[in-house]
Amino acid sequence: MSYIVKEIFYTLQGEGFHTGRPAVFCRFASCNLWTGREQDRHRAICKFCDTDFVGTDGVGGGHFRSAEQLADAVEQAWPGGGHENRMVVCTGGEPLLQLDRVLVEALHLRGFYVAIETNGTRPAPDGIDWICVSPKIGAPLLLTSGDELKLVYPQDGGDPEQFEQLDFGSFRLSPMDGPAVRENTAAAVEYCLKRPKWRLNLQTHKFLGIP
């Protein structure tokens, strides 16, 4: 299998359980909920996405003909060559359109802890170390168990309570970014206080100005 990747870069994980942990981000191109092109946003299932995942023009991006080739590129992005505490975050777009067991195994062979950030509409291959699902209201949710459920809040037609019986280790509300981010943050804080099953998720990388 070949893989189409927007970008590969080294930074700190900016949100969720692993906030502050150094990681290589492997951003796969394409998504099943939006083309990524502004002219198509009005018919997207996820209309609030703020990530550029179109094409292969990012740092380290490209077409990779094999899992070995892509795993080598991820390894090259890790500084110093050391194997200690290596982590890769497979994201997108939607990583589970492309991430497969062969690639997971290739990353493990290079010493990486493999995490994904997914919309949960596709099955996950075996062997992934950390599964973070971010449901999108209006899209079918196939992945109903994992390590972390991270819900962008508020979403029209989506009360977080509907996800509380799913099998996840933690539940987090991420205030929707954009012009109303302050109001959305206040609403997320209020919800977490009322229903303490939920924790507030902040995108610290945006505060810090890092990728």
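Glu68, Asp72, Glu75, Arg86 and Arg110 are joined in a network of salt bridges, a salt bridge being a side-chain nitrogen of Lys or Arg within 4 Å of a carboxyl oxygen of Asp or Glu. The structure holds 16 salt bridges. The model is predicted, so local features need pLDDT of at least 70 and side-chain atom pairs count only at pLDDT 80 or more, whereas totals for chains, interfaces and linings use all residues. Residues are numbered from 1 along each chain as its sequence is written, and side-chain values use heavy atoms, with hydrogens and water left out.

**Salt bridges between separate parts of the chain**

- Side chains of opposite charge can pair when their charged atoms come close.
- Glu15 and Lys150 meet through their side chains in a salt bridge of 3.3 Å, N to O.
- Glu15 is in the loop between strand 1 and strand 2, while Lys150 is in strand 7 (residues 145-153), so this pair ties together parts that are 135 residues apart in sequence. Helices (H or I, at least four residues) and strands (E, at least two) are DSSP runs, numbered from the N terminus.
- Glu15 counts as buried at 10% relative accessibility, and Lys150 is buried with a relative accessible area of 8%. Buried means under 20% relative accessible area, exposed over 50%, and partly exposed in between (1.4 Å probe, protein chains only).
- Arg172 and Glu148 form a salt bridge of 2.8 Å, N to O. This pair links distant parts of the chain, with Arg172 in strand 8 (residues 167-175) and Glu148 in strand 7, 24 residues apart. Both Arg172 and Glu148 are buried.
- Arg195 forms a salt bridge with Glu164, their closest N and O atoms being 2.8 Å apart.
- Arg195 lies in the loop between helix 3 (181-194) and strand 9 (198-200), and Glu164 in the loop between strand 7 and strand 8, so the pair ties together parts that are 31 residues apart in sequence.
- Arg195 counts as partly exposed at 28% relative accessibility, whereas Glu164 is buried with a relative accessible area of 9%.

**Surroundings of Lys150**

- Setting aside residues up to four places away in sequence, Lys150 touches Glu15, Glu117, Cys132, Val133, Ser134, Pro135, Arg172, Ser174 and Asn201. Contact means heavy atoms within 4.5 Å.

**Aromatic pairs and a charge over a ring**

- The count comes to 8 aromatic pairs. Rings of Phe, Tyr and Trp (its six-membered ring) pair if their centres lie within 6.5 Å; planes under 30 degrees apart count as stacked, over 60 as edge-to-face and the rest as tilted.
- Phe9 and Phe25 form a stacked pair, 5.5 Å centre to centre with 10° between the planes. The pair links distant parts of the chain, Phe9 being in strand 1 (residues 3-12) and Phe25 in strand 2 (residues 22-28), 16 residues apart.
- Phe9 is buried with a relative accessible area of 13%, and Phe25 counts as buried at 7% relative accessibility.
- The ring centres of Phe168 and Phe171 are 6.2 Å apart and the planes lie at 75°, so the pair is edge-to-face. Phe168 is buried at a relative accessible area of 8%, and Phe171 counts as buried at 4% relative accessibility.
- One aromatic cluster is formed by Tyr10, Trp78 and Phe112.
- The charged end of Arg21 sits over the ring of Tyr113, 4.9 Å from the ring centre. A charge sits over a ring if NZ of Lys or CZ of Arg is within 6 Å of the ring centre and within 35 degrees of the ring normal.

**Nonpolar core**

- The largest nonpolar core has 39 residues, of which Ile8, Leu70, Val74, Leu107 and Trp198 touch the most other members. Such a core is a set of buried Ala, Val, Leu, Ile, Met, Phe, Trp, Tyr and Cys residues joined through side-chain atoms within 4.5 Å.
- Helix 1 (residues 67-77) provides the largest share of this core, 5 residues.
- Leaving aside neighbours within four places in sequence, Trp198 is in contact with residues including Leu149, Leu151, Phe171, Arg172 and Cys192.

**Cysteines**

- The count comes to 0 disulfides, a disulfide being a pair of cysteine sulfur atoms within 2.5 Å.
- Cys49 is in no disulfide, and the nearest cysteine sulfur, that of Cys46, is 5.3 Å away.
- The sulfur of Cys192 is 15 Å from the closest cysteine sulfur, in Cys132, which is too far for a bond. Cys192 is buried, with a relative accessible area of 11%.
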